[in-house]
Amino acid sequence: MYLPPHDPHVDDPMRFKPLFRIHLMERRCATVECMYGHKGPHNGHIQIVKKDEFSTKCNQTDHHRMSGGRQEEFRTWLREEWGRTLEDIFHEHMQELILMKFIYTSQYDNCLTYRRIYLPPSSPDDLIKPGLFKGTYGSHGLEIVMLSFHGKKAKGTKITGDPNIPAGQQTVEIDLAHPLQLPDIETLRDFSELSRIVLEVQEQVRREEQEEEQRQEEEDRSQQAASQPAAKPLGGEGAEGEETAAGAEGTTQNKAPASQPFVLPMGVISRNEDYPRTCRICFYGTGLIAGHGFTSPERTPGVFVLFDDDRFGFIWLELKSFSLYSRIKVSFQNAEAPSREAFDEMLKNIQSLAT
């Protein structure tokens with residue numbers, strides 16, 4: 001398992017933790033060992049669920065328990081996961097979230113399901129290279145986000161989640177058609193001024209979406225009146241291609257290397273104060289917020305800040321919070337790891353033995 005660095009050190013490398021291992025004893029004979037816990041390897045099981053998916057199960061979960069009970073397990077987990085003790089964390093809300101995460105993760109006892117992640121394709125017209133990024137999420141700590149580009153939009157999808165927003169949800173969406181012109185550095189310190197700029201763009205986006213809906217409705221009515229079901233709609237394949245090209249062209253133009261001074265407005269909270277003080281460009285965007293258990297989710301306005309090829313940020317306007325993201329650069333394999341094809345074949349052999 002690759003774990004994010006300790007909060008809030010977003011630029012630090014990922015941490016590596018073995019969860020299971022497979023021993024090939026001889027032809028068509030293999031054993032699986034669970035590596036979870038602190039008592040050494042013990043008996044485990046692996047099963048193929050479907051394509052690009054498999055599950056692991058520990059057969060000796062007593063090996064995960066500690067003599068000091070759940071309290072010792074929690075303190076050990078806290079040191080490994082957060083790099084600190086509970087006494088170091090004074091914020092009650094943060095203590096509550098950390099305890100929720102421990103209860104949530106420890107209940108599985110390394111009985112987990114794994115699904116393959118397909119990284120997004122890369123285009124020369126992308127604002128920066130897409131991929132995986134570590135990001136700060138306030139009291140939730142560091143989480144992993146996948147950045148991808150889709151014409152005039154960019155999306156950040158959570159690979160790891162938290163009690164509010166689970167994995168798989170689109171945490172941020174960037175509107176590449178609406179760059180933001182930030183004020184001078186002194187004016188930028190005033191949160192109300194940044195809020196005014198962002199809300200004006202939000203209203204502009206809302207009007208444009210309404211106009212697009214009306215235009216689409218008019219086109220649909222025109223097509224029905226013409227009674228030409230075989231004809232391609234005006235906003236069909238060709239129009240989509242033009243839109244994508246236009247979005248890509250606009251993105252390319254926005255990739256100018258010129259930088260401008262940047263500072264967070266007063267009152268905006270950042271877990272990591274060591275963010276860059278210059279940025280390339282900013283865009284209007286929206287961020288997903290919700291209550292515990294992903295209740296009452298809503299998209300709220302914000303500012304996407306591109307610092308360089310490997311770092312970007314997002315200002316959550318409603319939360320008055322700032323997330324800093326840093327690219328994950330590890331290759332996700334080591335010298336002893338098998339190839340993808342070899343690992344898939346290994347799983348098939350174990351499955352055939354089990355049946």
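This is a predicted model: local features need pLDDT of at least 70, side-chain atom pairs count only at pLDDT 80 or more; totals for chains, interfaces and linings use all residues.

Q: Which residue in β5 is the bridge partner of Cys34?
A: Strand β4 covers residues 29–34 and strand β5 covers residues 42–50. The two pair in the antiparallel sense over two bridges. For Cys34, the partner in β5 is His42.

Q: How many disulfides does the structure hold?
A: A disulfide needs two cysteine sulfur atoms within 2.5 Å. The sulfur of Cys58 has its closest cysteine sulfur in Cys34, at 3.9 Å, so that pair is too far apart for a bond. The sulfur of Cys111 has its closest cysteine sulfur in Cys58, and at 6.3 Å that is too far as well. For the whole structure, the number of disulfides is zero.

Q: Is Cys58 buried or exposed?
A: The cut-off for buried is under 20% relative accessible area. Cys111, at 30%, counts as partly exposed. Cys58 has a relative accessibility of 5%, so Cys58 counts as buried.

Q: How far apart are the end C-alpha atoms of helix α1?
A: Helix α1 runs over residues 69–82, which makes 14 residues. At 1.5 Å a residue, the helix should span 20 Å. The model agrees, with the end C-alpha atoms apart by 20 Å.

Q: What covers the buried residues of α1?
A: The buried residues of this helix are Glu73, Phe74, Thr76, Trp77, Leu78, Glu81 and Trp82. Just after the helix, Gly83 takes a positive phi of about 70°. The cover over those buried residues includes β2 (15–16) and α2 (92–106).

Q: Which residue forms a salt bridge with Glu81?
A: The closest N and O atoms of the pair are 3.4 Å apart. Glu81 lies in α1 and the partner lies in α2, so the pair ties together parts that are 20 residues apart in sequence. That partner is Lys101.

Q: How many residues apart are Asp7 and Arg271?
A: Their side chains meet in a salt bridge (2.3 Å, N to O). Asp7 sits in the loop between β1 (2–3) and β2, and Arg271 in the loop between β13 (269–270) and β14 (278–279). Asp7 counts as buried at 5%, whereas Arg271 is partly exposed at 29%. The pair links distant parts of the chain, and the separation is 264 residues.

Q: In which helix do Arg207 and Glu203 both lie?
A: The two form a salt bridge, with the closest N and O atoms 4.0 Å apart. An α-helix has 3.6 residues a turn, so residues three or four places apart point the same way. Arg207 and Glu203 are four residues apart, about one turn, in helix α4.

Q: How far apart in space are Val303 and Gly285, C-alpha to C-alpha?
A: Val303 is found in strand β16 (residues 295–308), and at 1% relative accessibility Val303 counts as buried. Beyond its sequence neighbours, Val303 is in contact with residues including Leu180, Phe283 and Ile315. Gly285 is 18 residues from Val303 in sequence, and the C-alpha distance is 5.6 Å.

How values were computed
Residues are numbered from 1 along each chain as its sequence is written. Side-chain values use heavy atoms; hydrogens and water are left out. Two strands pair if DSSP finds at least two bridges between them. The expected span of a helix is 1.5 Å times one less than its number of residues. Buried means under 20% relative accessible area, exposed over 50%, partly exposed in between (1.4 Å probe, protein chains only). Contact means heavy atoms within 4.5 Å.
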